[in-house]
Amino acid sequence: GAVAALALRDGSELWRAELGTASYGSGEARRDLGFYGGVAVSPAGIVVASDRVHCLDRESGRERWSSAPLRTEASDDYFWGALAIAGDLVLVGSGSGSEQPTARGRFSAYRLADGALAWSTPTVPPGGNGGGVIGQATVDPAAGLAYVTTGAPDETVPGTKPGTCSLLALRLRDGAVVWADQVYAGDTHGFDFNSAPVLVGPLLVATNKD
């Protein structure tokens, strides 16, 4: 749960921000999670996410703002992937911190200036589960789109389980899903897409656990 800045010339520590951990689950299944994904940096600050998004001052590590958690009683959201900064938005994907079957994956945008939630788009329909966004988003500013990949269902249920094991294109201005490609419909093997998709000319390339 710490973020540190090191001098490039010799590795000496310039500052360290202790932001703590977030607890998911209980008993022997309890997880205390810090930061799984890396930071994103802009002139406006350094952003990192665990159960919420934090923005730190680049020079001192002082916290400028932290967002409200996305967690509810039915959805224990945790931000797994590295963040991306697109203009005045911080983009970050989430999934269940304890693989809770009622939780849905999400892709959310926060305002870089103050941490206010601009929009949050679930990756699976109501009643679905899983579809967590584990890898970083890839942004095409000219097209106004963010591309993300999603994980497998947390609980195997009958049917195709839309939104899981998929590639999604979302509109930056409002988070609307422009298109979706479910690569593994009805997955029962846990074929998560864990990494960021990559734009190669007119192609979007992604890898998963298969």
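Me: What makes a residue part of the lining of the largest pocket, and which residues lie nearest its centre?

Reply: The largest pocket is lined by 21 residues, and Trp 80, Glu 99, Ile 134, Asp 154 and Asp 192 lie nearest its centre. A pocket is an open set of points on a 1 Å grid over the protein atoms alone, where a 1.4 Å probe fits, with protein on both sides within 12 Å along at least five of seven lines, and a residue counts as lining because it has an atom within 4 Å of a point. This is a predicted model, in which local features need pLDDT of at least 70 and side-chain atom pairs count only at pLDDT 80 or more, while totals for chains, interfaces and linings use all residues. Residues are numbered from 1 along each chain as its sequence is written, and side-chain values use heavy atoms, with hydrogens and water left out.

Me: How do you know that β7 and β8 pair, and how many bridges join them?

Reply: Strands are DSSP runs of E with at least two residues, numbered from the N terminus, and two strands pair if DSSP finds at least two bridges between them. Strand β7 (residues 53–56) and strand β8 (residues 63–66) have three bridges in the antiparallel sense, so they meet that cut-off. His 54 stands opposite Ser 66 in β8, and six residues lie between the two strands of this hairpin.

Me: Why are β14 and β17 said to stand at the edges?

Reply: The open sheet has four strands in the order β14-β15-β16-β17, with antiparallel pairing. Because β14 (138–140) and β17 (177–182) each have a single partner strand, one side of each is left without a neighbour in the sheet. Strand β16 (residues 166–171) pairs with β17 over five bridges, and Leu 170 has Val 177 in β17 as its bridge partner.
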